[in-house]
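Please keep the sequence and the model in view while reading.

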2 protein chains.
Amino acid sequence: MVTNNDKPTRGRPRTMNEEAVLDVAVSAYQRTDPADVSVNAICQMAGISKPSLYRAFGNEDGLTLAALDRYAETVLADLFAILQTNQPVDPMMEALIDFAVENPRLETGCLFYKMRAGKHRLGPKTRARVDDIDAAAVQAFEAYLEGQEAAGNWHSAQPRPLVARYLMEQIGLALTQRATVEDTAQIRAALSLALSVIRDA
Amino acid sequence: MVTNNDKPTRGRPRTMNEEAVLDVAVSAYQRTDPADVSVNAICQMAGISKPSLYRAFGNEDGLTLAALDRYAETVLADLFAILQTNQPVDPMMEALIDFAVENPRLETGCLFYKMRAGKHRLGPKTRARVDDIDAAAVQAFEAYLEGQEAAGNWHSAQPRPLVARYLMEQIGLALTQRATVEDTAQIRAALSLALSVIRDA
DNA sequence: GTCGTTTGTTACTCATCGGTACAAAAACAT
DNA sequence: ATGTTTTTGTACCGATGAGTAACAAACGAC
């Protein structure tokens, strides 16, 4: 449903740019909250009519799903890339803190965590994708920790799944605060304190 | 606006019980999310008509404010009571963990933290009250820490306001998770890990 | 040019939202 | 009984939500 890649040779040429619409949607969803941005508002901001949008994305669930996928391709991919560097724990925690606190694309919070926080307001497809991304992220954290343990660089008294989930939630807390707290130094200090239990373990 | 305590001797006797309506509102707000419960739904659940509710509370902002106040009187008062016991840090952290994880009245999350998370959706009076309660809670945490430091029971390398805010946010994270995560043992383990940085300090 | 096909927009549907006008109902005072 | 006062519920308001029917516009095919 999301996108029709067939290029029909006949018919009126399309003026609507799905990518541009998605950019508008992602930006609007991330700036405030997905639940506070209506389809009407997105159409207005993108300069298109509602039927055009519905022809491209099916329904609101399709639009939010496409926006989440686009967001995952850009911002979330950076997080997975950091985790795959397999640095030792100390620099990795620093890298994660820098990512969460300094990345200008997360200035108004993270769309994924915002969607997860209001999961019950999403359509079924988007909700399922949120769960998928959440599981994949925890899995990425766990794989990193497993690698560090296998290399003998680190060992934790806590079970590995717990630590992976803990990292997910602490980063989510910091990203949630970026939407409301202006002082990034405060967010950094709190996240640094929370992640220190991993370093010291 | 909230309540008219005058008891007029004349006129039709009132059948509406403001306390009962508030109980319904608090329960509904806390069960899902304040933003997902309409005034219509509360009237239906409480068995009253809309004009009755609006005469008692003015508007939706007045209703949510009254619900938050009522909630603060009951559940949040328990938290402040715990903080005023002035126990040493170790048992205090245990008490806070027990409060957040085991209290059956927080089974579907905490209304205060839910309102704070969706603060931009609230009316001005309720939003201001959320800020007041937030400041008062941080202040209570800070006063406790100051007392422990003065008694020589504890000292932290981190600035006291940071630690107070950290405690607030970690407890909020645990309470937020209680709304979605079923396994309380997992929440307890994560919160315990987060608060261990305070104990060890 | 004419036809079929695809995309575009205008203008609508129905549901729900917060909020209110208004008159019936139920009490006391006389 | 007849006002007077206060509370009640019905039935509405305008705004906004997601979603759609229907038609106009713009192309290739012929």
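How many nonpolar, polar and charged residues does the surface near DNA strand C have?

## Basis of the model

This is a predicted model, in which local features need pLDDT of at least 70 and side-chain atom pairs count only at pLDDT 80 or more, while totals for chains, interfaces and linings use all residues. Residues are numbered from 1 along each chain as its sequence is written, and chains are lettered from A and ligands numbered from 1 in the order in which they are written.

## DNA strand C

By class, the surface near DNA strand C has nine nonpolar, nine polar and eight charged residues; here Ala, Val, Leu, Ile, Met, Phe, Trp, Tyr, Cys and Pro count as nonpolar, Asp, Glu, Lys and Arg as charged, and the others, Gly among them, as polar. A residue is near a strand if its C-beta atom, placed from the backbone, lies within 6 Å of it.

In total, 26 residues surround DNA strand C, and the closest are Gly11(A), Arg12(A), Pro51(A), Ser38(B) and Glu60(B). Two or more residues each come from helix H3 (50–57) of chain A and from helices H2 (39–46) and H3 (50–57) of chain B, where helices are DSSP runs (H or I, at least four residues) numbered from the N terminus.

## DNA strand D

Around DNA strand D there are 27 residues, the closest being Ser38(A), Glu60(A), Gly11(B), Arg12(B) and Met16(B). Helix H2 (39–46) and H3 of chain A, together with H3 of chain B, each give two or more residues to this surface, and H3(B) gives the most, with four residues.
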